[in-house]
Structure formats: structure tokens, C-alpha cells
Amino acid sequence: MTSPTSQQLYRFLEDRFTCAQACTECARACAVRASLVDPDGSEDQERVRRLGIMCAEACDATCRALSEENQQDEEGIRARVDWCRSVCLECARAFDGHPGAESAAASCRACADACADFLELLG
């Protein structure tokens with residue numbers, strides 16, 4: 001077993017931080033967007049609101065997991081980040097059809113991309 005180089009360690013920490021930061025921004029955007037949807041609206045609006053809430057929760061939980069200092073198992077981190085990536089993509093697609101939700105959809109896609117980049121680094 002070889003130890004990671006300082007460059008590999010730096011890249012790991014940088015990508016982990018980038019992913020956590022994207023999760024925070026996405027959680028905020030999704031929470032705001034979900035709060036703007038009428039809870040008594042159409043079935044489609046209710047779906048968008050639920051996805052926005054779920055995405056905000058997934059991103060918040062992922063950010064917290066990535067920000068913790070203690071040792072975490074790599075499989076657990078990988079599963080959480082992949083889950084976040086999937087939820088973000090689904091939420092972005094749901095936001096696409098709603099006027100005014102373009103910024104939230106972009107935040108979801110940016111988060112999904114950051115998650116994918118971090119997953120690639122994990123191997």
C-alpha cells in the first residue's frame with residue numbers, strides 16, 4: 001500500500017471542498033425554490049416542491065458528511081455523494097419546466113457535476 005502524494009491529497013481535499021460547497025449552494029437554491037411553489041398547486045407543482053425539498057435535504061446531509069473531520073468509510077461517502085448526484089439531476093430536470101427556476105436548476109446541475117468529479121477522484 002502506497003501513501004498518497006501531497007498533490008493527490010491536495011486534489012482530494014480540494015474536490016471534497018468543492019463538492020461540499022456546491023451542495024450548500026444547491027441546498028439553499030432548492031429550499032428557496034420549493035418555498036415559492038404553491039403547496040395547493042397542481043400535481044406537477046407538488047412534485048417540484050417535494051423534489052426541491054428532497055434535494056435540499058440530500059445536499060445538506062452530503063455537505064455535512066463531507067465537512068466532518070472524523071474518519072468516515074469511503075463506501076459510505078461514495079454512496080452519499082452518488083445519492084446526492086442522482087437527486088440533484090432529477091430535481092434539475094423537474095425545475096427545467098418551470099419559469100423562474102432556471103437558477104435553481106443550474107445549481108442542481110453544478111452540484112451534480114461536483115459530485116461526479118469527486119466520485120471520479122474516489123475511483
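What covers the buried residues of α3? In this predicted model, the cover includes α1, α2 and α4 (102-122). The residues of α3 that end up buried are Ile 77, Arg 78, Val 81, Cys 84, Val 87, Cys 88, Cys 91, Ala 92, Ala 94 and Phe 95. As for the helix itself, α3 runs over residues 74-96, and its 23 residues should span 33 Å at 1.5 Å a residue.

Now for the way the helices pack. Two packed helices are described by the angle between their axes and the distance between the axes. Take helix α1 (residues 6-36) and helix α2 (residues 43-67): their axes come within 8 Å and cross at roughly 155 degrees. Angles over 145 degrees count as roughly antiparallel, and α1 and α2 are therefore roughly antiparallel to each other. The crossing of α1 past α2 is left-handed. On the α1 side, the residues that meet α2 include Arg 16, Cys 19, Cys 23, Cys 26, Cys 30 and Ala 34. Their partners in α2 include Arg 49, Ile 53, Cys 55, Cys 59, Asp 60, Cys 63 and Leu 66. Sorted by class, the residues of this contact between α1 and α2 come to 15 nonpolar, four polar and three charged.

Helix α1 also meets α3. Here the axes come within 12 Å and cross at roughly 40 degrees, and this crossing is left-handed too. From α1 come Cys 19, Cys 23, Cys 26, Cys 30 and Arg 33, and from α3 come Val 81, Cys 84, Cys 88, Cys 91 and Phe 95. The contact of α1 with α3 has nine nonpolar residues, one charged residue and no polar ones.

Leaving aside neighbours within four places in sequence, Asp 15 is in contact with Asp 117, Phe 118 and Leu 121. Ala 22 also lies in helix α1, and its relative accessibility of 11% makes it buried as well. Not counting residues up to four places away in sequence, Ala 22 touches Ala 110, Cys 111 and Ala 114.

How values were computed:
Residues numbered from 1 in each chain as written. Predicted model: local features only at pLDDT ≥ 70, side-chain atom pairs only at ≥ 80, totals over all residues. Heavy atoms only, no water. Axes fitted to C-alpha atoms, helices over the stretch in contact; angles between N-to-C directions. Helix = DSSP H or I, 4+ residues; strand = E, 2+ residues; numbered from the N terminus. Parallel < 35°, antiparallel > 145°, perpendicular 65-115°, else oblique. Left-handed = near helix turned anticlockwise from the far one by under 90°. Contact = heavy atoms within 4.5 Å. Nonpolar A, V, L, I, M, F, W, Y, C, P; charged D, E, K, R; others polar. Expected span 1.5 Å × (residues − 1). Buried < 20%, exposed > 50% of the residue type's maximum accessible area, 1.4 Å probe, protein only.
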